[in-house]
Amino acid sequence: MPEQAHEITLVVNGTVRRAEVPGRRLLSDCLRHDLGLTGTHVGCEHGVCGCCTVLLDGEPVRSCLTFAVTVDGREITTVEGLADGDRMSPVQRAFAECHGLQCGFCTPGFLCTVTALLRENPAPTEEEVLEGVSGNLCRCTGYQNILKAVHRAAEIMAEES
Amino acid sequence: MKPPPFDYHAPRSLGEALDVLAEAGEEGKVLAGGQSLIPLLNMRLAAPAHLVDINRLPGLAAVEAAPDGVRIGALARHAQVERSEPAAVAQPLLRQALRLVAHPVIRNRGTVVGSLVHADPAAELPAVLALLGGSVRLARRGGTRDVPAGEFFTGPLESAAAPGELAVSALFPALPPRSGTAFREVARRHGDYALAGVAALVGLDEDLRVTTARVACVSAGPVPAVADVAGACGHRPPASADWAGAAEAVRARAEPEDDIHATAAYRRHLIGVLAERALRDAAREALNA
Ligand SMILES: Cc1cc2nc3c(=O)[nH]c(=O)nc-3n(C[C@H](O)[C@H](O)[C@H](O)COP(=O)(O)OP(=O)(O)OC[C@H]3O[C@@H](n4cnc5c(N)ncnc54)[C@H](O)[C@@H]3O)c2cc1C
Ligand code: FES
Ligand code: FES
């Protein structure tokens, strides 16, 4: 018997997108395969690495631990949706400026996590930044520049507001 | 890997959910936050024929603080409970423990009730429910029952929730007067499951002498066992109570196991150290209460 398909509608980065997916389709795979948005990366599918993190109604969640059908009708922001047209977001600019990335594999997850973190807490302490990004793994940078980038992003956001 | 196929159900009412679960029986699994179940599906360690997604059920996300305690609905996420001020006032151990559960992003989806039903011996919340003597409310087609924590955790990853049953809420009893709580644990990396952890509750009488001293341990046996160490502490003011003796009693009773993360002997050592720290912290909180 073929697997039953479910018709779902997601608002991804402000655009209404429809897809037909089996119940077991992970949100990460739905974004990448069904919707062609390959900015969301997939590392472990255990919830451990954090590179698949996207924003669900503005709140960061693991897209590898969410079924697409569960979030039918809701708003998703992926790394592709962070920039304002051609202009990168403050968080993206800060990561570029501070060398907060090398290979870039972990970067989409960090950018989404940090975007939400600074929205909730525009001037985080050292401790709060550490706690905020503690669920994201990076194999390249050694983290120090990522931490700097978060503080720099907070600065840029304060300057521009 | 990817999850195996299943029939997906998204009931819109509690009645409908209970009907689907009753019909699915042994073949059915509830999906709440998915933060434990989806990894198991991705690793193909679970293959339910029917998945019943409760995320659309109305009225299950409440966190209600009342004089008897905090009642937490099945769809209340860890993060939501952690933020709740009334919950923190009624029972501070909830927030103390939730800050140690995984990472903030996982806590945005994972549910408190899901964590109880999942019954991982390394998880914080089952130990909290056991320590406080709370209960879980289970609904099935045609009935509801409240199961006390002491009977709810039946083995590693096994709870009293039977096929066809849905845990609709859990009650975490309120902190009694002149009492304090603390949660101490050691994990290899921040946000990991703890190698060992101890939740403690200390209560004082009107002369500010220790009358209650209980702990529940994490990663120290198949189910969260509660140890009453009031006798070992002595009926004395916190400053002169025998916390080291109490911790030794806890250590002696723990039944940790070896695994790739730590030896049983190391875990047992940690439990002794953490028990003393948690009891002292809880006593300090009680004096400040
Ligand atoms: C990277 C990572 C790290 C983690 N670290 C920790 C940690 O340090 N400490 C910790 O305690 N937890 C940790 N967790 C687990 C997390 O707390 C989960 O959220 C929790 O264990 C399960 O809650 P859930 O809502 O996600 O349940 P689900 O994954 O949806 O379900 C888990 C199980 O419970 C059953 N179930 C869930 N809700 C109900 C219900 N209402 N009625 C009947 N059955 C139900 C499901 O059928 C399933 O068997 C971690 C998870 C990840 C991914
Ligand atoms: S791919 Fe989702 S957390 Fe690693
Ligand atoms: S930049 Fe390579 S993993 Fe982080």
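Reader: How many residue pairs are in polar contact between chain A and chain B?

Author: Between chain A and chain B there are 13 residue pairs in polar contact, counting pairs with both residues at pLDDT 80 or more; a polar contact is a pair of N or O atoms within 3.5 Å, where within protein one must be able to donate a hydrogen and the other to accept it, and residues adjacent in sequence count only if both atoms are side-chain atoms. This is a predicted model, in which local features need pLDDT of at least 70, side-chain atom pairs count only at pLDDT 80 or more, and totals for chains, interfaces and linings use all residues. Residues are numbered from 1 along each chain as its sequence is written, chains are lettered from A and ligands numbered from 1 in the order in which they are written, and side-chain values use heavy atoms, with hydrogens and water left out.

Reader: And which elements of chain A give two or more residues to the side that touches chain B?

Author: Those are strand S3 (53–56) and strand S4 (59–62) of chain A, strands being DSSP runs of E with at least two residues and helices runs of H or I with at least four, numbered from the N terminus. S4(A) gives the largest share, four residues.

Reader: How many salt bridges cross the interface?

Author: The rule, a side-chain nitrogen of Lys or Arg within 4 Å of a carboxyl oxygen of Asp or Glu, finds three across the interface of chain A and chain B. One of them joins Glu45(A) to Lys2(B), whose closest N and O atoms are 2.4 Å apart.

Reader: How much area do the two chains bury?

Author: Chain A and chain B bury about 2400 Å² between them, with 55% of it on carbon and sulfur atoms; buried area is the accessible area (1.4 Å probe) lost on putting two parts together, summed over both. In chain A, the residues losing the most area to chain B are Arg24(A), Leu65(A) and Phe67(A), together 25% of what that side buries.

Reader: Switching to the ligand, where does ligand 1 lie?

Author: Ligand 1 lies between chains A and B, and 33 residues surround it, a residue being near if one of its heavy atoms lies within 4 Å. Among the closest are Val30(B), Ser36(B) and Thr111(B), while H7(B) supplies the largest share of the shell, five residues.

Reader: Which side chain has an N or O atom 2.7 Å from a nitrogen atom of ligand 1?

Author: That is the side chain of Glu124(B). On the backbone, an N or O atom of Gly34(B) lies 2.8 Å from an oxygen atom of ligand 1, and a polar backbone atom of Gln35(B) is 2.7 Å from a ligand oxygen atom.
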